[in-house]
Amino acid sequence: MAEEFNTEGMLDIYLFENQQLLEQLQEIVLEQKDAECFDEDSINEIFRTMHTIKGSSGIMMFDNITAVSHKLEDIFYYLRESHPENVPHVELVEHVLDVEDFISNEMEKIQAGDLPDGDSSEIIAQLDKFLKKIKKGTAKGGKEPIAENVHEEPTQFYIAPVATSASHFYKIYMHFHEGTEMANIHAYKTVYALKEIAEDLLYFPEDIISDESSAEVILQDGFRMLLQAQCTEEEIHNIINVGYDVEKVDIFECKAEEFLQGFDFGDHSAEIDLESSVEDIEARTQSDDVKETEEEKKPEKPKIAPGDFVIKSREPGKQKKLAKDKGKSEKASFISVNLSKMDQLMDLIGELVISESVVLQNPDLKVPGLNLTNFNKAAAQLSKISTDLQNVIMSMRMVPLTNTFQKMNRIVFDVSRKLGKEVEFEMIGEQTEVDKNIIEHISDPLMHIVRNSVDHGIESKEERIESGKSEKGKVILSAKTEAGKVWISVEDDGKGLDRDKILAKAKAQGLLDESKPEESYTDKEVYQFITLPGFSTNDQVTEYSGRGVGMDVVIQNIQSIGGTLDIESTPGYGSVMSLKIPLTLAIINGIVMETGNSSFVMETGVIKQFVSVNEDMMIHEPNGEEYVMIRGECFPVIRLGERYGLKNYERTVEKGIMMILEVEEKKICLFVDKLVGEQEIVVKPIPSYIKKVKGLSGCTQLGDGSIALILDPGGMVD
């Protein structure tokens with residue numbers, strides 16, 4: 001019977017699970033977009049996905065999502081049952097992706113607190129037209145059209161039992177994976193799905209919606225159902241099967257008498273021969289009950305309830321046995337946590353690191369004569385625990401780039417189709433893990449770069465044939481980690497960047513230095529012009545390019561997280577655009593230094609060496625530039641105090657220290673007054689007016705409570 005329930009507690013799990021299903025759906029479709037047709041496993045998987053989304057959306061009363069998913073389910077139901085030939089594969093791929101887009105957009109509305117009010121009539125009409133087309137093709141030479149996949153509105157779940165000669169009776173035992181959240185809702189979705197074929201349906205626990213504690217019972221003992229329907233066991237398995245939430249499904253056909261007994265099946269032996277039929281087992285049990293033996297005086301055996309059975313491993317020479325499971329299930333291994341709580345926890349860890357520095361660097365500890373042996377031991381233990389805690393929290397925030405890369409796969413497919421280009425997309429290293437916040441910052445830049453590779457880079461089919469290339473272009477998206485950084489590169493085998501065209505465009509826009517000859521610009525310097533606002537090499541404005549926006553957004557987003565963009569290109573052979581970004585934004589290892597009365601921090605990864613120099617090693621140019629010769633190599637020198645106009649900074653090189661920095665194959669020497677030491681640095685944002693100062697990326701609080709500015713190595717080198 002129908003149960004009244006509140007959907008608010010189900011909304012989060014609905015959004016989470018359907019998002020996972022849509023991502024899996026898109027991955028399946030994009031993997032087989034270039035095939036001749038979907039294979040049988042993919043058809044079944046897509047059918048089950050849409051069936052699940054339809055069921056959960058029906059429960060949540062999102063009618064437009066239910067209708068769209070049901071119509072696409074109709075198509076794959078027909079493909080699965082009728083096996084038609086000559087199905088337009090690319091058109092089918094586009095229809096599936098259109099449905100995925102529609103449902104994703106509606107879910108975004110739901111997540112934002114709005115109603116999912118999108119008009120589904122047009123997309124349903126297109127799906128209906130496609131279904132009629134493939135049915136028409138089947139009628140000409142394929143199998144006979146099968147019965148419609150009819151969907152009824154969820155008016156009630158208990159249907160009055162009207163058994164016929166075609167009716168079958170089943171006992172169904174479902175077991176969910178440990179850690180499955182809201183197992184009662186998963187069970188309710190199963191009831192909803194079986195309702196379409198059920199003549200009669202009973203389940204235990206009964207109050208799976210109104211009683212939240214039923215979720216624990218289901219996880220512990222399983223979910224039990226009694227089903228009367230005119231269907232086969234295989235058809236039931238097609239509706240409920242093992243998946244990401246269901247660990248095992250056992251379906252046993254029984255007699256009507258057993259079905260009417262409900263969930264009380266009487267006394268049975270603890271072990272039952274699984275190879276024998278239900279009738280044989282029942283006959284043996286009844287004959288044992290009528291025997292008058294001494295065993296009647298023994299304590300009564302406990303009743304065996306549905307869901308108490310597990311399959312024992314088959315031993316050599318013995319049949320499989322159905323035995324009572326006495327083991328206890330383990331506690332949940334995974335839980336879902338709101339990202340905002342993770343951010344709050346990360347902030348608290350940052351404050352803990354700062355407080356630790358305040359304690360360990362307290363001036364009171366520097367009083368002569370203090371015995372700090374025990375304190376130092378405790379401090380070392382505290383530092384170890386603090387570091388371990390940071391590592392654990394950081395690892396919790398790390399997520400693979402798989403979903404981000406799959407979005408790029410979708411972009412390549414859409415753009416190439418609209419531009420009439422054939423493009424092969426390859427992903428390498430998509431399992432590379434990056435901080436969640438980093439992924440949010442690089443999604444848009446990556447989208448622009450991939451789109452440009454297809455639009456600007458890959459030539460048309462005719463141009464590729466004329467230049468002796470294969471008809472199909474190729475875009476490779478790869479990721480790897482190296483020295484605390486993640487490298488993400490987008491490579492294409494297109495026409496590459498035209499140096500002369502870029503220089504001419506830059507000259508026309510007044511971007512060139514008049515005192516510098518054009519031929520003195522390196523290729524990398526020329527290619528960097530395309531990242532400036534308003535700069536575009538496309539003569540015509542299209543849907544994807546020509547407006548001069550995109551690459552400047554890429555640079556802004558990448559620089560905001562301390563990353564850099566490197567561009568390499570070979571005319572006629574293609575281009576490679578590489579992002580170099582930090583693995584995480586929260587806590588870094590840095591060197592604390594002082595210049596004048598101010599403190600600064602530089603990330604340890606870019607510092608190659610500390611060098612003490614004397615005046616004889618310095619070279620002073622008439623225009624004020626300075627260089628230093630170190631072991632026969634000349635480095636440009638930046639005096640930190642002079643660069644930022646600080647007071648009382650050290651001017652004598654013998655009394656200060658030189659730091660050799662290396663960023664993107666560029667090396668400079670940074671001159672500071674003195675080094676304080678290495679320290680874990682908690683990165684904090686700085687006011688917007690300070691961000692305008694080149695070479696600064698953030699700030700942090702030191703152990704003595706003072707504020708230090710974090711230097712941006714990329715801004716120092718440029």
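In the predicted model, Phe600 is a buried residue, its relative accessible area being 2%. This value falls under the 20% limit that defines burial. Phe600 belongs to strand β16, which spans residues 598-603. The ring of Phe600 pairs with that of Tyr644 in a stacked arrangement, with a centre-to-centre distance of 6.2 Å and an angle of 15° between the planes. The assignment as stacked follows because the angle between the planes is under 30 degrees. In the whole structure, seven aromatic pairs are found.

Strand β16 is also a member of an open, five-stranded sheet with mixed pairing, in which the strands follow the order β23-β15-β16-β25-β24. The edge positions are taken by β23 (674-682) and β24 (696-701); each has a single partner strand, so one side of each lacks a neighbour in the sheet. From one strand to the next, the twist averages 35°. The pairing of β16 with β15 (residues 587-595) is antiparallel and comprises six bridges. Within this part of the sheet, Thr595 has Ser598 of β16 as its bridge partner. Helix α11, formed by residues 339-360, packs on the sheet and touches β15, β23 and β24. The direction of helix α11 makes about 150° with that of β23.

Two arginine side chains are placed over aromatic rings. The charged end of Arg80 is positioned over the ring of Phe47, at 4.1 Å from the ring centre. Arg651 lies over the face of Tyr649, with a distance of 4.1 Å to the centre of that ring.

With regard to the protein as a whole, the secondary structure consists of 21 helices and 25 strands. The protein has 718 residues, of which 43% are classed as buried; Phe600 is one of the buried residues. When contacts between residues at least 6 apart in sequence are considered, 71% are found to join residues at least 24 apart.

How values were computed:
Residues are numbered from 1 along each chain as its sequence is written. This is a predicted model: local features need pLDDT of at least 70, side-chain atom pairs count only at pLDDT 80 or more; totals for chains, interfaces and linings use all residues. Side-chain values use heavy atoms; hydrogens and water are left out. Helices (H or I, at least four residues) and strands (E, at least two) are DSSP runs, numbered from the N terminus. Buried means under 20% relative accessible area, exposed over 50%, partly exposed in between (1.4 Å probe, protein chains only). Contact means heavy atoms within 4.5 Å. Rings of Phe, Tyr and Trp (its six-membered ring) pair if their centres lie within 6.5 Å; planes under 30 degrees apart count as stacked, over 60 as edge-to-face and the rest as tilted. A charge sits over a ring if NZ of Lys or CZ of Arg is within 6 Å of the ring centre and within 35 degrees of the ring normal. Two strands pair if DSSP finds at least two bridges between them. Axes are lines fitted to C-alpha atoms, for helices over the stretch in contact, and angles run from 0 to 180 degrees between N-to-C directions.
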